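Please consider the structure shown here. The paragraphs that follow lead through selected side-chain contacts and then the sheet.

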Amino acid sequence: KRQNVLSVQAFPYGENRKLVLSADITELERTDAMRRDFVANVSHELKTPLTVLSGFLETMRELPLDQTDRERYLELMDQQASRMRNIVDDLLVLAKLEGNVKPPSDQAIDMRAVISHIREDAATLSGGSHVISFAADDGLTVTGAETEVLSALGNLVTNAIRYTPDGGSIDVAWKQAGKEAVFSVSDTGFGIPAADIPRLTERFYRVDRSRSRDTGGTGLGLAIVKHVLQRHDAILDVKSEEGKGSTFSVRFPSQRTTRRQPAHV
Ligand code: ADP
């Protein structure tokens, strides 16, 4: 196997050729190990709902169930199927983002539309159980791929709602800060232990597995967010205190930020 790698990598690197080759092998082995981990994780994540689903199927086949029980079982099976569907959908989004080497467009995004979309989705998801406020700087916009930015920023708001108990508040802001544009979401939710913060954007990483599962999470949301933000040269900051709440902020750099001049000037 090593021999193969060597022959594939046999480019003329000059004087330091040997050194470069061994560095390449280490890197290849590392990505290979990551790929193996990833495949193992995906299999595990899909296997759990699949096992539950098969369990219900078997029970349905073996037990005489009345109409009410039958419907309850079908509903539970449907939930497991949705869970699998969400994982596969998010995996496809990730694969597409990773395969896309083209830089995102340099067209201005309609941030008013993005914010209003996020606002509607937030209201639907919360169903009136949270106090949600939006403060958006109207003339402020960034350049890039609108659907990607919408999905990344929307994901942060979705998480804020998911990980904040009913009655809590969520504050969303879209503001200029110096030459940058900042989107931030603060919640009064469960918060995140400091040790978990650096790992949040890893695929399938969850602070509380059962809480994520109960809210329909796939553990891939922040991995998708990270990819989209990287493509837009934006930076994600997370501040959190356990039991108090979290703030996720996204800073878009000045070269992607544009500010519409007030019309009356
Ligand atoms: P999931 O689908 O599980 O929500 P994400 O990748 O979106 O996956 O988030 C990873 C984990 O980060 C979540 O499982 C949750 O534990 C934690 N998390 C994300 N956002 C918040 C938040 N606003 N408050 C508390 N925990 C959060």
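Arg211 lies over the face of Phe190, 3.4 Å from the ring centre; a charge sits over a ring if NZ of Lys or CZ of Arg is within 6 Å of the ring centre and within 35 degrees of the ring normal. Arg203 is placed over the face of Phe38, at 4.2 Å from the ring centre. The model is predicted: local features need pLDDT of at least 70, side-chain atom pairs count only at pLDDT 80 or more, and totals for chains, interfaces and linings use all residues. Residues are numbered from 1 along each chain as its sequence is written, and side-chain values use heavy atoms, without hydrogens and water.

There are four aromatic pairs, where rings of Phe, Tyr and Trp (its six-membered ring) pair if their centres lie within 6.5 Å; planes under 30 degrees apart count as stacked, over 60 as edge-to-face and the rest as tilted. The ring centres of Phe56 and Tyr73 are 5.4 Å apart with planes at 80 degrees, so this pair is edge-to-face. Both residues, Phe56 and Tyr73, are buried (under 20% relative accessible area, with exposed over 50% and partly exposed in between; 1.4 Å probe, protein chains only). Trp174 and Phe183 form a tilted pair, because their ring centres are 6.5 Å apart and their planes at 50 degrees. Ring pairs join Trp174, Phe183 and Phe252 into a cluster.

Five strands make an open sheet of mixed pairing, in the order β1-β3-β4-β6-β5; strands (E, at least two residues) and helices (H or I, at least four) are DSSP runs, numbered from the N terminus, and two strands pair if DSSP finds at least two bridges between them.
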